[in-house]
Amino acid sequence: MLYSPWNLASGVNEFLDRITEKVAPPTILCIDDEALGLKIRRTVLERAGYHVLTAEDGPSGLSLFREQAVDGVVLDYYMPDMDGGVVAETMRRERPSVPIMLLSAYINLPADLVSLVDVTLLKGEGPQELLEKLRLMLGSRCASESGGAR
Amino acid sequence: MKVPEFNRTLRQLVALPILLLVLMAGFLVWQIVAAARAQEQLDHSDQITGQVQNLQNLFIDQETGLRGFQLTGDPVMLAPWKAAAGPIQLQFDSLRTLMADDPEQTARLNDLKSRYDEWQVFARGVLGKQPEAVVDPHLNQRGKAMMDGIRATARDLMLHETQRRRTEYDHARWLQNRELISLFVSIVVVGATLGFFTVHHVRAVSKSYLQQIDDMTEQSEALFESQQWFQTTLESIGDAVIACDNHGAVSFMNAVAQHLTGWKLDDARGHALEDVFKIVHEETRVPCESPVEKVRRLRTVIGLANHTVLIARDGREVVIDDSAAPIMSGDGEMIGVVLVFRDVTEEKRLQAALVSSEKLAVAGRLAASIAHEIHNPLDSVANLHYLLEEETDPEQRAEYLKLAQQELGRTMQISRTMLSLYREPKAPITVGLRELIDGVLLLLDRRMKHQGIQLETELTEALMVEGFPAELRQVFTNLIGNAIEAAGSRGRIRIRMEHAAAEELHGAGAVIEIVDSGVGIPSDIAPKLFQPFFTTKGATGTGLGLWVSMGIVQKHGGAIRIANSTDRELPGACIRVFLPARTLAQTETAGD
């Protein structure tokens with residue numbers, strides 16, 4: 001085996017990943033008013049090893065967010081009563097460190113909301129894309145947080 | 001000079017001469033009567049003089065008879081004495097009557113009478129004596145003295161009467177002179193008065209006549225100038241103007257009208273309007289009703305039908321927008337018709353472009369909402385597919401497959417619904433309004449839920465209208481979309497539908513009312529609502545929605561009214577759309 005600095009770094013990352021996975025799987029809060037879609041998404045995320053909390057509307061999602069330790073949020077935009085924008089804003093205000101992914105079938109998302117959240121993803125792009133982006137989002141957050149701690 | 005004043009002058013000119021002549025005649029009659037009376041007085045005096053003379057002669061006769069008897073003693077000699085006795089008595093009576101108005105003369109007459117009676121007594125004494133005693137000279141002397149007294153009295157009487165006559169004669173002469181002078185003076189006075197008066201009045205009439213001629217000349221000049229001004233103004237108008245008389249013969253065309261019709265005014269003048277102003281329907285090519293006839297029938301300003309094409313003399317065609325109005329005389333008689341029209345070919349083209357741009361915008365929004373609806377189930381299907389790949393448990397796989405099937409079914413249903421909603425027939429068809437509005441609400445459902453809108457609907461099942469469903473759906477998507485926007489977060493919207501009975505201005509049909517709980521329409525923007533490019537939504541609106549909706553509804557023969565709601569619970573805008581059961585919309589032409 002050749003120990004280049006690159007290999008070393010990726011090896012460390014992998015190791016760290018494994019540690020966090022094993023120690024405590026990241027908790028993801030999913031909020032979507034589409035009950036069936038939400039249920040299926042939960043299964044996909046759980047299969048990928050995440051601990052998943054679900055809420056079918058903004059207010060109940062926010063109360064879960066406050067009660068539980070959440071590592072990331074997957075948020076639908078278009079919901080009755082309270083849309084994803086309001087939910088994301090509240091979350092940012094309360095716990096700015098928690099990364100948020102906006103997942104929506106809505107094309108014309110407001111620009112300020114897009115810049116507020118970490119990642120946006122269009123519904124229908126497939127589970128691989130969802131998992132990849134979620135992993136990157138959590139990873140970059142963890143990295144920047146640990147960087148900040150040092 | 002006004003007519004009443006003129007009439008008064010005429011009356012004066014007739015009445016004054018008559019009055020003056022009557023006065024003059026009266027004056028002359030008075031003069032003549034006075035002269036006649038003086039003449040009567042003269043005749044009266046002459047009569048008295050004559051009778052006194054006669055009386056004297058009778059005295060002489062009696063005296064002569066008495067002398068003869070005295071001389072001869074013959075009773076025959078007494079004949080004249082006897083003959084005169086009766087007439088003398090009569091003469092005295094007559095004179096007494098004539099002199100009744102003159103007491104002095106009457107006194108003299110009485111004196112004469114008493115002297116005469118005295119003499120009579122004396123004479124009878126003489127006649128009773130013997131003939132020889134009669135010749136007594138003393139007696140004779142006495143008789144003579146008595147008779148001399150009588151004669152003297154009669155002469156005195158005569159003298160006085162003569163004097164009186166002279167006085168009366170002088171008076172009569174004076175009256176006659178006065179009469180002549182009066183006649184002359186009154187002729188001069190009346191003549192002068194009439195002359196002066198007539199000259200004065202005729203001069204006033206003539207002055208006023210000249211003044212009126214001046215005024216009329218001035219007025220006709222002003223009239224000419226104002227006519228020139230109107231002519232120039234009409235010539236300068238940017239729209240085409242054609243005026244024609246009551247029988248539809250062209251009497252005026254301005255430059256624009258000459259250009260658009262291809263007729264010169266000199267050629268067109270007197271021609272029937274139908275020859276000069278040939279108009280047909282843009283699509284059907286059916287000649288339009290003559291505006292002159294229509295105006296004559298309705299006696300009001302009319303706008304001509306849409307899609308009117310004017311065919312010029314050289315065959316050129318322009319789409320025109322026009323109106324026709326009656327020309328009324330001062331007393332309300334219709335004396336002609338004026339047409340004002342303009343070339344709107346370019347405008348129509350522009351409008352068509354705007355309509356199709358709005359259609360594109362609508363299509364874009366529709367695509368976005370379809371994408372949104374379909375992406376949710378598609379996302380689930382993709383997720384299920386991913387799970388199926390990794391799943392080995394057959395039970396679990398079956399569950400995933402079932403869910404995938406369900407979501408695919410939902411996707412297809414959505415796409416089918418949308419397609420059926422937007423498949424547009426070529427000719428108007430019967431549209432169930434409830435179905436149509438339900439479809440629109442389905443499409444807007446997510447948006448309403450998103451805003452937490454509370455929706456109340458009272459949709460009647462059986463209301464059907466004729467029309468183009470996709471266009472009508474565009475109308476209601478627009479109107480309900482506006483209501484959602486106006487109602488805001490957690491607002492309310494009420495959609496009601498009712499049958500509209502036939503009225504004077506429209507046939508039977510349906511009215512759809514959409515009321516929201518927003519702030520209503522400010523009065524300053526109300527008139528602009530249906531103008532193209534007017535929007536209150538800033539950059540997010542095209543400003544064409546209501547304008548196009550109005551166009552579609554009008555094409556169907558309906559109407560849109562926007563007002564503020566009077567319902568306290570829903571104080572926002574109230575939009576009422578009337579759609580006739582039988583549409584006026586024509587079959588779509590190719591390429592539309």
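Predicted model: local features only at pLDDT ≥ 70, side-chain atom pairs only at ≥ 80, totals over all residues.
Residues are numbered from 1 along each chain as its sequence is written, and chains are lettered from A and ligands numbered from 1 in the order in which they are written. The predictor gives an ipTM of 0.77 and a pTM of 0.46 for the complex.

Chain A has six helices and five strands; helices (H or I, at least four residues) and strands (E, at least two) are DSSP runs, numbered from the N terminus. Along the sequence these elements follow the pattern α-β-α-β-α-β-α-β-α-β-α. Of the 150 residues of chain A, 34% are buried. Here a residue is buried if 20 or more other C-beta atoms lie within 10 Å of its own, exposed if 12 or fewer, and partly exposed in between, with C-beta atoms placed from the backbone.

The five strands of one open sheet in chain A lie in the order E2-E1-E3-E4-E5, with parallel pairing. Strands pair if DSSP finds at least two bridges between them. Strand E2 (51-55) and strand E5 (119-122) of chain A are at the edges with a single partner strand each, so one side of each has no neighbour in the sheet. On average, neighbouring strands of this sheet are turned by 20 degrees against each other, direction ignored. Axes are lines fitted to C-alpha atoms, for helices over the stretch in contact, and angles run from 0 to 180 degrees between N-to-C directions.

Chain B contains 14 helices and 14 strands, and 25% of its 592 residues count as buried. Strand E7 (residues 334-343) of chain B pairs with strand E1 (residues 240-245) of chain B in the antiparallel sense over six bridges, with Ile242(B) opposite Leu339(B). E7(B) is also joined by nine bridges to strand E6 (residues 317-328) of chain B, again running antiparallel; in this pair Ile327(B) stands opposite Gly336(B). The hairpin of E6(B) and E7(B) has five residues between the strands, and Gly332(B) takes a positive phi near 80 degrees in it.

Where the chains meet, 20 residues of chain B are in contact with 20 residues of chain A. Two residues are in contact if their C-beta atoms, placed from the backbone, lie within 7 Å. On the side of chain B that touches chain A, the elements giving two or more residues are helix H10 (345-390), helix H11 (394-422) and helix H12 (433-451) of chain B. H10(B) gives the most, with 14 residues.

The average for chain B is 85, and 94% of the residues score at least 70. Over residues 588-592 of chain B pLDDT stays under 50, and the model has two contacts beyond four places in sequence for them.

Notes. pLDDT = per-residue confidence, 0-100.
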